[in-house]
Amino acid sequence: MRHPSLRLLTTSLVMIAVLAACGGGSDDTPAPSPAPEATPAGLTLQKIGSYSTGQFGVSAAEIPAFDAASKRLFVVNAQLGAVDVLNLTNPISPTKIGVIDATALLAGASINSVAVHNGIVAVAIQAAVKTDNGLMALYRASDLTLLGSVAVGALPDMVTFTPDGQTVLVANEGEPSDDYQVDPEGSISIIDVRNPAAPVERKATFTAFNAQAAALRTAGVRIYGPNATVAQDLEPEYIAVSADGTTAWVTLQENNALARVNIASATVTDILPLGFKDHGVAGNELDASDTEGGAVTIRTWPGVHGMFLPDAMASYTVGGQTYLVTANEGDARAWGEDNAAYWAGDASQGFVEEFRVKHLVNRNGWSGRAGDDLPPQLNAIAAGGLLDPAVFGYCGAVAGDPAGCRADSALGRLNISWTMGYRTNPDGSPMMFSAAGVQDPAGNRLMYDRLYSYGARSFSIWNANGGLVWDSGAEIEKFLNSTDCRLGSTRNIPCTDFFNSGHDEGNAKDSRSDAKGPEPEGIALGRIGNKTFAFIGLERMGGVLVYDITTPTAPVRVDYLNTRDEWLTNPPDLATAGDLGPEGLVFIAAKDSPNGKPLLVVGNEVSGTTAVLQLNLTY
């Protein structure tokens, strides 16, 4: 008699044979497709965890990146010049478990940026002398083993992978030395990393544009560094890549432009000027003064134009078209500003373009600022500046006297660039005026009919050709001054009480209005179901704004969370303040998240904290 278990085994073997003959069986059956992710109606941010370096004001937590397999966070710690490695298995309590230190590769080096793809960590490494070439290095996320490295350009400032993980791109910013005597060319390194042990680098450079300086300036690209070629003046800051991995766009922050790059050929194909934001029209208002006695005055200022000057950028696709989302922080060139010889009049010791309106335009000229904050390059052009009454008459300007426009409560405190906005002759040279405001080739005054401020106090959506699709206008400042806006981890503090405060100050309402306002700097995108959300970090005011940008022409604000809990102590106390100065952000989808819910991780450079925010979805 056959044993029952043998009969069962025989039957099973016959069934397996039949299935195999029919091409069936578990080995050949396609795995069921995962259920599509539900699309939320909205979301709110909730802070659920944090890691603190205990370091204030030294950029100890900047750029985060996440590896889903190892559940590790990689956070640039500029104070150490390294990457802190955090275990995020329990997102409520991240713990430090290691460090990536690049000094073994390059003496005195520091890490500026980090990115992760499928278990590989890429870092951008700056040389001890920032004008020297740096490195890009690859590490294994699970055990931090160095896999390979390759030389890149000067001051590699941002690193990212293409979607397939086969290529790493590095923005080589090429900032000048502090005295502006050494000015490396900016470039984009395009690196084949299919063999991590032997990455192969090609450079996309700007040298082909050197002969086009005049045309680029006419188009609106800011090329203005002392004696700089186009390639030297362009400073790549941040990279976004198309979904198909064929094209990259690079912010050229100081130049108010984007570069478009063909990845396959490692070629910069276009330089795309971003234009300017007219703060004289409704919808683009701003608060231009930090000395209004506690008042907030968000209004139009005809003649004032904001330079977008974006920092971070991300891309997404709608209807087969790529859209670019930028955080329009603003940034001025200020080299040699701590060098007394520069302010004493030695133009070879630096270059500072920033100047307050009331010092730039003064009926008595600007000699009273000599030895203080008068840039010698400006002083070499003329003896003073005036405002065009035809443009600025509304705030009191008359011929030969900017008058009431210089008031601290008007435009006087606003920081602008002296390098542009004055009238020029057909050959591009400054058009000179007399002290009375009359055009006179023998005069010694510049006539400003436009004032260019830093940053647009907004975030924007652009098409693939650099055309503006949508801009948040004055929405951010207006929201921060509204009763709808609340601060603190429990959202119990009115934003209006600390409107446009600085991230390293206490009791500082309105202190950033004369500069760049709340300073949108970092940006991350997250797709949940059929919706795309943008997360925008406000560097100075702090906190993260959330917008639904599914429709590029009609984004909608969804939430704002600012976990700074103490606003009065100066400087802030790390023990009580909360998170200060968001720099970089990374979105973690629910399928990759350690707790199964979508997360947002924020590196806060001033408080030195890495915050873990949970996205609580509503349906």
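**Notebook: strands, disulfides and one glutamate**

I began at the hairpin of S39 and S40: four residues lie between the strands, and Gly 608 takes a positive phi near 65 degrees. Helices (H or I, at least four residues) and strands (E, at least two) are DSSP runs, numbered from the N terminus. The model is predicted: local features need pLDDT of at least 70, side-chain atom pairs count only at pLDDT 80 or more, and totals for chains, interfaces and linings use all residues. Residues are numbered from 1 along each chain as its sequence is written, and side-chain values use heavy atoms, with hydrogens and water left out.

**Confidence**

I looked up pLDDT, the predictor's confidence in each residue, from 0 to 100. The chain has a mean pLDDT of 94, and 95% of its residues reach 70 or more. Over residues 1-26 pLDDT stays under 50, and the model has five contacts (heavy atoms within 4.5 Å) beyond four places in sequence for them. Where pLDDT is low, the predicted coordinates should not be read in detail.

**Strand S39**

I then checked the pairing of S39, where two strands pair if DSSP finds at least two bridges between them. S39 (residues 599-604) has six of its six residues buried, so the strand is largely enclosed by the rest of the structure. Buried means under 20% relative accessible area, exposed over 50%, and partly exposed in between (1.4 Å probe, protein chains only). In a regular strand the side chains alternate between the two faces of the sheet. I noted Leu 599, Val 601 and Gly 603 pointing one way from S39, with Leu 600, Val 602 and Asn 604 pointing the other way. S38 (residues 582-588) pairs with S39 in the antiparallel sense over six bridges, and Leu 585 stands opposite Val 602. S39 also pairs with S40 (residues 609-618), antiparallel over six bridges, and there Leu 599 stands opposite Gln 614.

**The four-stranded sheet**

I traced an open sheet of four strands in the order S34-S35-S36-S37, with antiparallel pairing. S34 and S37 (556-561) stand at the edges, each with a single partner strand, so one side of each is left without a neighbour in the sheet. The twist averages 20 degrees from one strand to the next. Inside this sheet I looked at S35 (residues 531-538) and S36 (residues 544-548), which are joined by five bridges. Gly 537 stands opposite Val 544 in S36.

**Disulfides**

I found two disulfides, each a pair of cysteine sulfur atoms within 2.5 Å. Counting bonded cysteines along the chain, the pattern is 1-2, 3-4. Cys 395 is joined to Cys 405 with S to S 1.9 Å, and this link is right-handed, with 95 degrees about the S-S bond. Both cysteines lie in the loop between H7 (389-392) and S26 (415-417), 10 residues apart. Cys 395 counts as buried at 13% relative accessibility, and Cys 405 is buried at 0%. Cys 485 and Cys 495 have their sulfur atoms 2.0 Å apart. Their S-S torsion is about -65 degrees, so that disulfide is left-handed. Cys 485 and Cys 495 are buried.

**Glu 175**

I ended at Glu 175, in the loop between S11 (167-172) and S12 (187-192). Glu 175 counts as buried at 16% relative accessibility. Its side chain makes a polar contact of 3.0 Å with that of Lys 130. A polar contact is a pair of N or O atoms within 3.5 Å; within protein, one must be able to donate a hydrogen and the other to accept it, and residues adjacent in sequence count only if both atoms are side-chain atoms. Not counting residues up to four places away in sequence, Glu 175 touches residues including Lys 130, Asp 183, Glu 235 and Trp 335.

Conventions: Axes are lines fitted to C-alpha atoms, for helices over the stretch in contact, and angles run from 0 to 180 degrees between N-to-C directions.
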